[in-house]
Amino acid sequence: MTELCIYISKIELLESLGETLEIIQKPEGDKYAMLSLNEKVNQLSLNKLSVFFKQKFGRDYRAGFTRIYFGNETCDRLIPDRKTIEKAYQIISEKGYEMTYVTPYTGPEGLTKIEENLSFLNEKENVEVVFNDWGVLQLLDKKYTKLEPVMGRLMVKVKRDPRFSKSGYSVHNHALDRTDKIAKRQEETVINSSLDIKEYRELLQSKRVDRVGMEMVPYDEDVIKKQFRKNKWEFPVDIYWPWTYVTSGRNCQIAAYTQPAGKIHPAGKNCYLQCQQYEFSFNSDKEMLDSVQRGNAIWMDTTELFERYIKYDFDRLIYQPYIPV
Amino acid sequence: MNIIAGISNVNSPELIRSYAEAGVDEFFIGYIADSWSQNYGWEVSCNRREYANCNYLSVEEIENLVSIIHNNNRKVLLTLNAHEYNNEQIKQLFRMLDDIKHIPFDAFIVSNFALMLEIRKAGIETPINISIGSGANTYEAINFYTTNIENIGRVVLPRKLTFNEMTKIAEKAVKNGIKLEVFGLTDACFFNDEYCFSWHGILNKSFCNSPMYKNRITNSRLFDANWKQTISKTPIELYYNKKIQVEQEIQKLKTKLSFERTVPPIGNEEMSKLHILNVIGKCGLCAIQKLKELGVDAVKVPLRGFMSTQANIEVIKLVKTIVEEPDATPEFCQKALNSPNFCSGNNCFYNYPHSN
């Protein structure tokens with residue numbers, strides 16, 4: 001049976017976990033328009049979970065969670081400080097859950113902050129750490145050996161571009177014989193990854209990695225069935241839902257947007273967490289899954305893929321009540 | 001400090017001598033065999049250049065090119081730097097490598113860790129340079145590669161690191177005998193190379209350059225974490241007021257930006273530089289002096305697919321001037337480039353003051 005976990009990036013959401021997971025009556029008319037995609041997806045996804053739990057297990061969805069993932073994957077500035085991690089650990093333990101600490105890709109300063117948190121968590125029992133940067137795995141492998149490394153979804157670098165989530169894309173035929181065959185092969189490259197390679201898996205295993213993160217992407221159902229069959233990669237698989245990561249950068253475009261003189265590199269002092277105030281949304285002439293940029297990262301809403309995936313027995317569903325920013 | 005430049009089949013092999021004389025110490029190239037493109041098309045490249053004219057397409061071309069480069073006492077590196085390869089792609093790639101195994105490349109540039117393992121498993125001892133696509137953002141990440149892969153030639157530092165971060169990494173790396181390379185110029189996307197999983201190239205425009213991204217809509221968020229409690233009490237007017245407010249703020253910002261970006265009209269002399277400024281795109285040249293002092297071994301001038309030979313050579317000469325100047329201050333570099341408009345603060349990728 002798939003284990004159900006919650007992934008939260010902010011301490012306030014953890015403190016008020018009941019509310020984070022609460023389904024409210026749908027606001028009527030114009031009031032619904034006041035909600036951002038993030039909030040709408042929170043309600044739609046919770047409703048899906050609620051129905052699934054009721055039908056499959058005859059119980060409330062909130063009783064199904066066993067572990068909380070806490071942290072973020074894309075931004076140095078959002079790495080929780082040690083006090084916040086201590087608090088998060090305390091809340092998670094008191095609520096009777098296990099903890100998984102989620103870390104982003106990062107530079108030297110961010111890694112120092114992460115290391116302070118690892119040092120605290122290394123004293124605790126059964127704590128997992130999601131790494132999205134080989135530097136973090138190096139620390140887990142050599143120094144913080146009590147913590148259990150989990151390979152993050154940003155380490156599986158297959159394409160997931162919202163523009164082609166529902167609409168096809170064009171294959172250039174310059175000097176090529178069979179574009180139909182090529183299109184099929186190209187599709188395979190977004191399904192299969194380096195995890196197919198034995199030596200790679202063995203090296204990860206030698207570093208105690210025993211779980212990998214992946215995303216919901218709009219594969220056909222027979223692909224999902226094949227892809228997530230048990231033990232395909234000899235690793236248990238985490239599937240993140242309903243927000244799929246697309247891209248991010250240390251040049252935060254949301255922060256740049258609010259800077260004078262078009263500074264394009266606001267990775268440093270100019271950030272005052274504009275990601276909490278603004279977001280970008282996108283219109284396309286093609287049909288696609290809704291996407292949004294919060295802070296330095298773009299996320300694709302995969303709420304509607306839930307039914308396509310949940311029937312297959314992957315190991316964990318990592319439920320994100322909100323975009324992890 | 002060495003200068004490493006990318007070239008492709010749009011540059012004739014005869015130009016190698018001119019490039020070398022202008023200052024290039026090492027060349028890097030991409031190779032896409034017919035067997036690869038017939039299987040994966042141009043959209044799925046084995047080296048992150050999705051265009052035929054950014055690569056070489058035959059063994060004969062490469063044999064000839066590598067021989068010319070070596071005869072000019074320069075090095076040549078092969079890029080194998082896609083982010084991800086699955087099992088079938090790896091097999092295909094090794095068939096390509098088998099066809100060119102007699103060609104003595106001085107190093108491979110690789111992003112994908114699994115491919116590095118496979119190259120060593122196959123007994124290929126060619127040095128591996130860690131590509132920007134590997135995400136060596138910290139000394140610990142570099143250490144991960146050097147402890148798990150034998151014979152690492154050099155590590156390319158990601159463009160998105162601040163100068164302070166690069167300093168921290170370089171201090172440790174140089175002390176431990178690890179060679180580093182940095183980007184000297186060309187357009188830097190605001191997304192991180194190694195963590196961008198959108199499609200690029202050919203008929204499918206890159207995500208960041210797509211109309212969809214360019215016409216993005218800015219929204220202001222109304223609620224915080226307790227929105228479920230407050231929405232029923234929030235008057236709908238707030239939403240509309242906020243929408244108007246955001247639009248006004250955007251307008252104000254745009255006016256401010258256009259005001260602050262106003263620079264003197266471009267003069268004739270600068271106009272004559274436009275062809276090289278187009279090659280440069282974004283620029284890290286002012287940082288070269290400090291990078292030299294840190295012990296960085298090479299600066300990359302990624303010109304793969306750039307067709308204007310004259311502009312390319314001028315750019316290489318410019319980089320060479322800065323690399324060779326014992327005290328290449330930012331003022332020296334700006335004078336060498338001689339375009340005050342270009343150097344007005346919006347085109348720098350290392351030396352921006354607010355990140356240090």
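Predicted model: local features only at pLDDT ≥ 70, side-chain atom pairs only at ≥ 80, totals over all residues.
## Two domains in chain B

Chain B splits into two pieces. Domain 1 is made of 2-207 plus 267-355, while domain 2 covers 217-260. Taken over C-alpha atoms, the centres of these two domains of chain B sit 42 Å apart.

## Where the chains meet

The contact between the chains draws on 82 residues from chain A and 80 residues from chain B. On the chain A side, helix 8 (residues 179-189) supplies the largest share, with 6 residues. Sorted by class, that side of chain A has 31 nonpolar, 28 polar and 23 charged residues.

Strand 9 (residues 278-281) of chain A runs antiparallel to strand 8 (residues 217-220) of chain B, and 4 bridges join them. One bridge to look up links A:Ser281 with B:Ile217 in strand 8 of chain B. As a reminder, strands of a sheet pair through backbone hydrogen bonds, in either a parallel or an antiparallel way.

## A helix crossing

Helix 7 (residues 134-142) of chain A also meets helix 6 (residues 139-148) of chain B. Their axes come within 7 Å and cross at roughly 75°. Angles of 65 to 115 degrees count as roughly perpendicular, so helix 7 of chain A and helix 6 of chain B are roughly perpendicular to each other.

Which residues make this contact? From helix 7 of chain A come A:Trp134, A:Gly135, A:Leu137, A:Gln138 and A:Leu139, and from helix 6 of chain B come B:Glu140, B:Ala141, B:Asn143 and B:Phe144. By class, the contact of these two helices has 5 nonpolar, 3 polar and 1 charged residues.

## How confident is the predictor?

The model scores ipTM 0.95 and pTM 0.94. Chain B has an average pLDDT of 88, and 94% of its residues score at least 70.

Terms used
Residues numbered from 1 in each chain as written. Chains lettered and ligands numbered in written order. Contact = placed C-beta atoms within 7 Å. Helix = DSSP H or I, 4+ residues; strand = E, 2+ residues; numbered from the N terminus. Nonpolar A, V, L, I, M, F, W, Y, C, P; charged D, E, K, R; others polar. Pairing = 2+ DSSP bridges. Domains from an automatic or database assignment. Axes fitted to C-alpha atoms, helices over the stretch in contact; angles between N-to-C directions. Parallel < 35°, antiparallel > 145°, perpendicular 65-115°, else oblique. pLDDT = per-residue confidence, 0-100.
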